[in-house]
Amino acid sequence: MLVDSHCHLDFPDFEEDRAGFIERAGEAGVGLMVTISTRVRQFDRIRAIAEAHENVFCSVGTHPHNADEELDVTADELVQLAGHRKVVAIGEAGLDYFYDKAPRDAQAQGFRKHIEAARQTGLPLVIHARNADDDTIAILKDETGKGAFPFILHCFSSGASLAKAGVELGGYISFSGILTFRNSQELRDIAKTVPRDRLLVETDAPYLAPVPRRGKRNEPAFVAHTAHVLGETIGLSDEETARLTTENFFRLFTKVPRDALR
């Protein structure tokens with residue numbers, strides 16, 4: 001069975017057929033999903049979805065796009081909300097210099113606050129990093145020096161230097177449908193360098209549908225396509241890739257009970 005380690009089931013794209021998406025995921029061999037928070041002030045919606053489905057878990061956090069809207073959210077509040085049985089990660093938080101929707105200092109402030117929450121809870125921090133490799137590396141190194149914390153570089157589309165630094169600092173790397181795109185050979189080359197025990201797969205649904213679904217609305221079932229390409233890239237069968245990435249998931253997301261995989 002596969003795990004979709006990062007999707008957004010609370011987004012309007014899933015509103016009318018959320019149960020259908022979850023059912024189709026199971027039919028495709030995807031037995032567990034983590035729906036990721038982008039705004040703490042909308043956390044109740046995320047939590048309700050996770051509570052309604054035994055094999056859906058969630059995170060709590062503020063996306064860098066919204067960092068300046070939730071500067072009042074404290075690490076202590078994140079820690080408190082993370083006490084819920086269905087919350088298995090912190091974030092997503094990080095740096096996005098591609099869109100620059102929030103001031104960079106606000107993004108960095110939010111990033112560090114989420115790191116502190118991950119450090120306190122021991123839950124993995126889901127990191128969003130786009131066009132911000134150097135600053136992401138600098139913050140990760142600085143914060144790791146204050147005390148280790150688990151993390152995952154989600155929807156990885158950055159350069160080899162960030163992948164290398166992330167692994168050296170104890171992080172995991174998650175690949176999305178971008179890995180399957182024709183022009184993503186450089187990304188596939190990076191995937192070959194990542195230790196096998198640090199690899200995960202995700203959809204980031206409803207975005208970034210993999211080939212052969214590219215251009216369509218993405219959904220958790222499609223993570224099987226990404227896992228297939230990852231397996232081809234590193235020389236594993238589909239079954240071996242599923243076993244590897246699922247084992248890696250449970251090693252990182254330690255709060256998720258193994259019997260939740262269905």
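Let's start with Arg 198 and Asp 197, which form a salt bridge whose closest N and O atoms are 3.9 Å apart. With a cut-off of 4 Å, that pair still counts. Asp 197 is partly exposed, at 38% relative accessibility. Please keep in mind, as we go, that this is a predicted model.

How many salt bridges are there by this rule? The count comes to 20. Let me show you two others. Asp 17 and Arg 24 bring their side chains together at 3.3 Å, N to O. Asp 17 is partly exposed, at 33% relative accessibility, and Arg 24 is partly exposed too, with a relative accessible area of 31%.

Then there is Asp 142 with Arg 112, a salt bridge at 2.7 Å, N to O. This pair links distant parts of the chain: Asp 142 belongs to helix α5 and Arg 112 to helix α4, 30 residues apart. Asp 142 has a relative accessibility of 35%, so it counts as partly exposed. Arg 112 is at 30%, and that makes it partly exposed as well. If you click around there, you will find that both belong to a network of salt bridges, made up of Arg 112, Glu 116, Arg 119, Asp 142, Glu 143 and Lys 146.

That brings us to α5 itself. This helix runs over residues 133-146, 14 residues in all. From its first C-alpha to its last it reaches 20 Å, close to the 20 Å expected at 1.5 Å a residue. Which residues of α5 are buried? They are Asp 133, Thr 136, Ile 137, Ile 139, Leu 140 and Glu 143. These residues sit on the same side of α5, because they cover an arc of only 165 degrees around the axis. On the face turned away from that buried side, you will see the exposed residues Asp 134, Lys 141, Gly 145 and Lys 146. Glu 143 and Lys 146, then, are both in the salt-bridge network, with Glu 143 among the buried residues and Lys 146 among the exposed ones.

What covers the buried residues of α5? The cover includes the strands β4 (87-96), β5 (125-130) and β6 (151-153), along with the helices α4 (104-121) and α6 (160-168).

Is Gly 110 buried or exposed? Its relative accessibility is 9%, so it counts as buried. For a sense of scale, Gly 110 and Asp 259 lie 149 residues apart in sequence and 34 Å apart in space, C-alpha to C-alpha.

Now, the inside. The largest nonpolar core has 66 residues, and the members touching the most others are Leu 125, Phe 156 and Phe 175. The helix that gives the most to this core is α8, residues 223-234, with 5 residues. A second, separate core has 17 residues, including Val 34, Leu 200, Phe 250 and Val 256. As background, nonpolar side chains tend to be buried together in soluble globular proteins.

Just after α8, Gly 235 takes a positive phi of about 80 degrees.

Last topic, cysteines. How many disulfides does the structure hold? The count is 0. Cys 7 is in no disulfide, and the nearest cysteine sulfur, that of Cys 58, is 11 Å away. For a disulfide, the two sulfur atoms would have to be within 2.5 Å. Cys 7 is buried, at 0% relative accessibility, and Cys 58 is buried with a relative accessible area of 0%.

That's my tour; happy to take questions!

Definitions and conventions. Residues numbered from 1 in each chain as written. Predicted model: local features only at pLDDT ≥ 70, side-chain atom pairs only at ≥ 80, totals over all residues. Heavy atoms only, no water. Helix = DSSP H or I, 4+ residues; strand = E, 2+ residues; numbered from the N terminus. Expected span 1.5 Å × (residues − 1). Buried < 20%, exposed > 50% of the residue type's maximum accessible area, 1.4 Å probe, protein only. Arc of directions from axis to C-beta. Contact = heavy atoms within 4.5 Å. Core = buried A, V, L, I, M, F, W, Y, C linked by side-chain atoms within 4.5 Å.
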